[in-house]
Amino acid sequence: MDHNTVVAEDDPYLENFKQMEKDGIIQLRILPAVGCERFAEYLHHTINDFLQLETNGRVKAVKVEVYEHERNSASYERQ
């Protein structure tokens, strides 16, 4: 199955999405929050956790930019 669905952990229809996953309709991914800005932040932290382990701290991402479409993007920079 190649249909991934991302929802926020406080989504009012979360239980419906969980049922769809049980029924084999979707692959559910639950994140603390969704939206272009929050995806950029989430990816920044996830990528840096991975890089920390894989490179023993030698490599880190400084900035992540996410494009929803050609007129909407968001970035997150390490502080």
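**Ground rules.** The model is predicted, so I take local features only at pLDDT of at least 70 and side-chain atom pairs only at pLDDT 80 or more, while totals for chains, interfaces and linings use all residues. Residues are numbered from 1 along each chain as its sequence is written, and side-chain values use heavy atoms, with hydrogens and water left out.

**Entry 1, the strand pair.** I began with the secondary structure, taken as DSSP runs numbered from the N terminus (helices are H or I with at least four residues, strands are E with at least two). Strand β1 covers residues 4-8 and strand β2 covers residues 27-31; they pair in the parallel sense, over 5 bridges. Pairing here takes at least two DSSP bridges between the strands. I looked up Val6 too: its bridge partner in β2 is Arg29.

Is Thr5 buried or exposed? Thr5 is buried, at a relative accessible area of 19%. My classes are buried under 20%, exposed over 50% and partly exposed in between, with a 1.4 Å probe and protein chains only. Thr5 lies in strand β1. Leaving aside neighbours within four places in sequence, I find Thr5 in contact with Phe17, Ile26, Gln27, Leu28 and Arg29. Contact means heavy atoms within 4.5 Å.

How many salt bridges does the structure hold? I get 2, counting a side-chain nitrogen of Lys or Arg within 4 Å of a carboxyl oxygen of Asp or Glu.

- Lys18 and Glu15 meet at 3.6 Å, N to O. They sit 3 residues apart in helix α1, so about one helical turn separates them. Glu15 is exposed at 55%, and Lys18 is partly exposed at 32%.
- Glu41 and Arg38 have their closest N and O atoms 3.4 Å apart. Both are in helix α2 (residues 36-55), 3 residues apart, about one turn of the helix. Glu41 is partly exposed at 26%, and Arg38 is partly exposed at 38%.

Beyond the neighbours within four places in sequence, Lys18 is in contact with Leu28 and Ile30. I also checked Lys18 against Gln79, which is 61 residues away along the chain: their C-alpha atoms are separated by 35 Å.
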